[in-house]
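Q: I have a sequence and a set of coordinates open side by side. Please take me through them one feature at a time.

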Amino acid sequence: MSVERSPGVKLLFAGLVGAALIVPLLMVYLLVSDRQHQARVAQASITEGWAGAQTVSGPLLVVPYMVTREVTEQVDGKTVKRTTTSRQNLYISPSEQNLDTTINPEVRSRGIIHQSVVYDAGITGSARFAMPADLDRLGVESDQLLLDEALLQLPISDPSGLQTAADLSVGGNALDLRPGLGNRQSGSGVHAFYDWAEGAEFTLDFTYSLRGSQEFSMVPRGEETNFAVDSSWPHPSFTGVLPSDTDKEIGPDGFKAKWSISNLALGQSLVSTSAPANASVVIDEYDNRYAEISPGENVSGASIATIRLMEPVDLYKRVERALKYGFLFIGFTFLAFLMFDIVAGAKVASAEYLLTGAGLILFFVMLLAFAEMIGFAFAYVVSSGAIIGLLSAYSAAVLGSWKRARVIGGLLIGLYAVLYVLLNLEAWSLVIGSLMLFVALAGVMYATRAIEWSKVSIREASEEEGATA
């Protein structure tokens with residue numbers, strides 16, 4: 001005579017095995033993060049010597065001016081007044097600027113796994129500048145301006161990608177380009193001195209070529225910014241300031257997009273005595289982006305028009321999302337085994353739960369490995385097919401019936417199919433997942449409605465020996 005575990009104890013052991021499998025799930029999660037980091041390092045090495053993600057800004061006119069102030073000081077117990085003169089800068093944004101950009105992308109690979117997109121961008125534009133009519137609002141008089149010492153700044157986040165064919169001109173007269181933003185101002189780009197002694201309205205024309213990788217961004221500046229881009233890249237991603245649906249065309253041969261942005265929408269002043277944010281940006285190893293802000297003005301990521309030239313699907317993020325449903329896979333499969341054990345009388349040992357859970361976790365490792373080689377969709381089919389076949393065959397031995405194994409196989413096919421749908425329908429994933437849990441809970445409640453969870457069953461030894469024979 002032998003004593004069987006009660007249904008409640010069987011449920012407890014299945015739950016403990018499932019909880020123990022959280023540890024290898026977390027290890028796979030860390031593996032995905034490590035592979036993602038290695039991919040970013042590989043992408044950085046591919047673009048090394050080329051240039052990073054580029055952010056350009058509209059030209060800026062900087063006019064020095066002299067400020068005279070009377071200050072009061074205490075010297076030997078006496079109040080002394082003296083006059084100080086300091087040199088400051090006035091920053092004038094264009095009343096209108098136009099930029100036309102052509103991006104020529106190229107996919108570069110390292111080995112058979114890692115890829116990165118680099119590009120050559122040809123930029124042509126113009127900017128119109130005029131003397132501000134409200135200088136007195138800033139406490140600046142026109143006779144304080146050193147117009148003959150003005151300079152024009154062209155901020156560029158990574159000037160190492162700037163090609164030799166760069167030209168700035170006013171009225172057909174070329175200006176000599178110099179590195180940096182000049183006037184001891186921090187930031188990256190180029191500048192040119194311009195004698196604006198007459199103070200009359202003028203138009204700056206500029207043309208330059210720029211190397212970059214992965215994405216291209218533009219910081220709108222001025223009363224009106226017209227920005228147009230065309231490229232042969234077939235699947236761009238737009239963030240920040242977005243073009244309207246009628247102002248973009250995306251097809252298999254590339255895309256075209258244009259923006260028309262007003263300074264009223266951006267909340268930017270056209271003239272300031274403090275330096276606006278320049279185009280320098282930092283992209284860290286986790287692809288988080290922060291603007292490098294100069295004192296006086298804040299430019300957020302939302303006020304930058306960004307075009308990402310990357311594959312539309314980040315396989316590491318999709319594998320990571322799939323992993324978040326890993327415990328549901330384990331739970332549903334264990335639940336099916338438990339029902340066969342409790343309701344149908346098939347005995348499932350803790351080790352069999354453990355091996356089945358290991359097979360379910362192996363799916364995510366295979367998905368990651370194959371996705372790097374053949375893409376996510378094909379990897380999903382291969383990995384899920386292999387695990388479904390393996391666990392179905394193992395279930396036939398564990399449950400003692402191919403008929404029961406087909407139920408497990410059908411359950412796994414349904415789970416993997418629903419997971420793939422969830423990964424592609426991000427907005428509906430929570431709704432579908434909660435409905436699945438509801439249906440599963442309702443089914444378990446119905447199947448176990450007559451079970452006495454604490455009852456221990458006793459079998460005669462002769463019956464067991466007969467069953468064994």
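A: Start with accessibility: a residue is buried under 20% relative accessible area, exposed over 50%, and partly exposed in between. The model is predicted. Glu149, with a relative accessible area of 33%, is therefore partly exposed.

Q: Which residue forms a salt bridge with Glu149?
A: Side chains of opposite charge can pair when their charged atoms come close. Here the partner is Arg87, and the closest N and O atoms are 2.6 Å apart. Arg87 sits in strand β4 (residues 78-92), while Glu149 is in the loop between β6 and β7, 62 residues apart. Arg87 is partly exposed as well, at 42% relative accessibility.

Q: How many salt bridges are there by this rule?
A: The count is five. Among them is the pair of Asp120 and Arg211, whose closest N and O atoms are 3.9 Å apart. Because Asp120 belongs to strand β6 and Arg211 to strand β12, this pair ties together parts 91 residues apart in sequence. Asp120 has a relative accessible area of 32% and is partly exposed; Arg211, at 27%, is also partly exposed.

Q: Is Glu215 buried or exposed?
A: Glu215 has 4% relative accessibility, so this residue counts as buried. Its salt-bridge partner is Arg308, with the closest N and O atoms 2.6 Å apart. Shared partners also join Glu96, Arg128 and Glu201 into one salt-bridge network.

Q: In what sense do strands β8 and β12 pair?
A: They pair in the antiparallel sense, over four bridges. Strand β8 (residues 167-170) also pairs with β9 (residues 173-175), again antiparallel, over three bridges. Ser169 shows both pairings: this residue stands opposite Asp205 in β12 and opposite Ala174 in β9. The β8-β9 hairpin has two residues between the strands, and Gly171 takes a positive phi near 60° there.

Q: Where does UniProt place the transmembrane regions?
A: The unreviewed entry lists several, including residues 353-371 and 407-423. In the model, residues 353-371 are 100% helix, with end C-alpha atoms 28 Å apart. Residues 407-423 are also 100% helix, with end C-alpha atoms 24 Å apart.

Q: Where is confidence lowest?
A: Where pLDDT is low, the predicted coordinates should not be read in detail. The chain averages a pLDDT of 75, and 77% of the residues score at least 70. Confidence is lowest in strand β19 (residues 281-283), at a mean of 35, and highest in strand β14 (residues 224-231), at 89. Over residues 279-302 the pLDDT is below 50, yet this stretch has 57 contacts beyond near neighbours in sequence. Residues 460-469 are also below 50, with four such contacts.

Definitions and conventions
Residues are numbered from 1 along each chain as its sequence is written. This is a predicted model: local features need pLDDT of at least 70, side-chain atom pairs count only at pLDDT 80 or more; totals for chains, interfaces and linings use all residues. Side-chain values use heavy atoms; hydrogens and water are left out. UniProt positions are given in the numbering used here, feature names are shortened, and annotations may be inferred rather than shown by experiment. Two strands pair if DSSP finds at least two bridges between them. pLDDT is the predictor's confidence in each residue, from 0 to 100. Contact means heavy atoms within 4.5 Å. A salt bridge is a side-chain nitrogen of Lys or Arg within 4 Å of a carboxyl oxygen of Asp or Glu. Buried means under 20% relative accessible area, exposed over 50%, partly exposed in between (1.4 Å probe, protein chains only).
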